[in-house]
Amino acid sequence: MTTRLADIAAQAGVSEATVSRVLNGKPGVAATTRQSVLAALDVLGYERPVRLRQRSEGLVGLITPELENPIFPALAQVIGQALTRQGYTPVLATQTPGGSTEDELTEMLVDRGVAGIIYVSGLHADTTADMQRYERLRAQGVPFVLVDGFSSKVQAPFISPDDRAAMSLAVTHLVSLGHTRIGLALGPKRFVPVQRKIEGFVRSIQEQLDLSAETVEKELVQHSLYTLEGGQAAATALIARDCTAVVCASDMMALGAIRAARQHGLDVPKDISVVGFDDSPLIAFTDPPLTTVRKPVPAMGQAAVRTLLEEIGGTPAPHSEFVFMPELVVRGSTASAPGERGRS
C-alpha cells in the first residue's frame, strides 16, 4: 500500500497524504487535485476503489441513426457545441446498417459512464418499438432526452419540430401558386413524425382544396424510404398520378424527386414544383435551389442540451414535449402551376 501511494503521489504531483484522502473519500481536496489522483490511478493501471467509480460528469452520449443525411451532422454539431460550452464532452455514436444497434450503443455509452444521453430520431419515434428499453435506462439512473418523435409511454422530455405546421406551410405555399394536385412523399408510416406530417398534410389539403381525407391518403400520399432513391421512387408514383407539386419529408427525398422529374422529361419548377424539409446544409446551392421547410435545428439542439443538463443537475423537466415552429424558405424549386402560368 505504501509503495502504491508513493507511485500515485509521484504520478499526480501531490503528497501521499493527499492521495490517501482521495482514495478514502475524505473532504478537503480540490476537484482538480482529486481528478489528478484519479487520472494517476488510471495511468498506472490501478483499479479504482468501488466508491470512486462514479458516473462521469464530463461525457454525454449522442446517438443518431446515420450521418448520410446532412441534417444529422448539423444537429450533432449544434448539440456538440452547446455541450462543449457547458464543459461537457460529446460522444457521438452512430448506427450503421449491419453495425451496432441503438441498444448496443446505449450499453456502450452507459458502460463508459456518460452523464446522460441524447437520442435523435431513435426507436422512440417508431410506434412499433418496445418503449420499455427507455424505462430500463431510467431505472439505471441515466438521464436522457429524446429528439424527433414522441411516445406517451416514455417518461422523459421530448424535443420536436411541429411536423403538422410544416406541412401546412408547404401546402399553403403551393396552393397560392395555383397547384391543386399536390403529392406527399415520406417515409414508413410507423414513425411518429411521418404520421404527424400526414395529419398536417391531409388537414391542409382538405381545408384549402376541399378534398376528402380518404382521397388525399389514397391518391396523394406515397410512402418510401428517407433517401434520395426513396424520394425518386415516391415522386415517380406521384407524377404518374398527375401531381404538379410534391412535398417531401426530407431534403434528400426532395433531391430524389427532382431526379425523378427530370427522368420523365419534366422541368423543375416549370412543369413540377418540389418542396423539401429540413433545410440541410448546402441545400440552398442545389440546381435549382431547393424550396424547403426549415427545421429549427439550432433551437432544438440547444433545448435538448439545456433540458438534459437540468436532468443531470437533479431538476428534471416534466414528461412533456417541447415543440418548435418550422419556417418556409422559398427558393427556386417552386413556381406557378403549369395551368396557372398564363393567367398569372
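Me: Why is Gln222 called buried?
Reply: The relative accessible area of Gln222 is 18%. A residue is called buried under 20% relative accessible area, exposed over 50%, and partly exposed in between, with a 1.4 Å probe and protein chains only. The value of 18% is under the 20% limit, so Gln222 is buried. This is a predicted model, in which local features need pLDDT of at least 70 and side-chain atom pairs count only at pLDDT 80 or more, while totals for chains, interfaces and linings use all residues. Residues are numbered from 1 along each chain as its sequence is written, and side-chain values use heavy atoms, with hydrogens and water left out.

Me: Which element holds Gln222, and which residues does Gln222 touch?
Reply: Gln222 belongs to strand β7, residues 221-223. Strands are DSSP runs of E with at least two residues, helices are runs of H or I with at least four, and both are numbered from the N terminus. Beyond four places away in sequence, Gln222 touches Leu184, Ala185, Leu186, Ala234, Ala237, Leu238 and Arg241. Contact here means heavy atoms within 4.5 Å. Leu59 is 163 residues from Gln222 along the chain, and their C-alpha atoms are separated by 41 Å.

Me: What makes Met300 a buried residue?
Reply: Met300 has a relative accessibility of 1%, which is under the limit for buried residues, so Met300 counts as buried. Met300 lies in helix α12, residues 297-312. Leaving aside neighbours within four places in sequence, Met300 is in contact with Val147, Asp148, Ile159, Ser160, Pro161, Lys295 and Phe324.

Me: Why is Asp242 called exposed?
Reply: The relative accessibility of Asp242 is 59%, and this is over the limit for exposed residues, so Asp242 counts as exposed. Asp242 also has a positive phi, of about 70°, although it is not a glycine. Its place is the loop between α10 (228-240) and β8 (245-248).

Me: How do you know that the buried residues of helix α2 lie on the same side?
Reply: Thr18, Val19, Val22 and Leu23 are buried in α2, which spans residues 16-23. They cover an arc of only 135° around the axis, which puts them on the same side of α2. The arc is that of the directions from the helix axis to the C-beta atoms. Gly25 follows α2 and has a positive phi, near 70°.

Me: Which peptide bonds are cis?
Reply: Cis peptide bonds include the one that joins Val268 and Pro269, with omega about 15°, and the one from Asp287 to Pro288, with omega near -5°. Pro269 lies in the loop between α11 (251-263) and β9 (273-278). Pro288 is found in the loop between β9 and β10 (291-294).

Me: How do you know that the chain is more spread out than a compact globule?
Reply: The chain has twelve helices and twelve strands. Its radius of gyration is 25 Å, well over the 20 Å that the globule rule gives for 344 residues, so the chain is more spread out than a compact globule. This radius is taken over C-alpha atoms, and the rule is 2.2 Å times the number of residues to the power 0.38. The C-alpha atoms fill a box of roughly 90 × 35 × 35 Å along the principal axes.

Me: What share of the chain is buried?
Reply: Buried residues make up 48% of the 344 residues. Among contacts between residues at least 6 apart in sequence, 69% join residues at least 24 apart.
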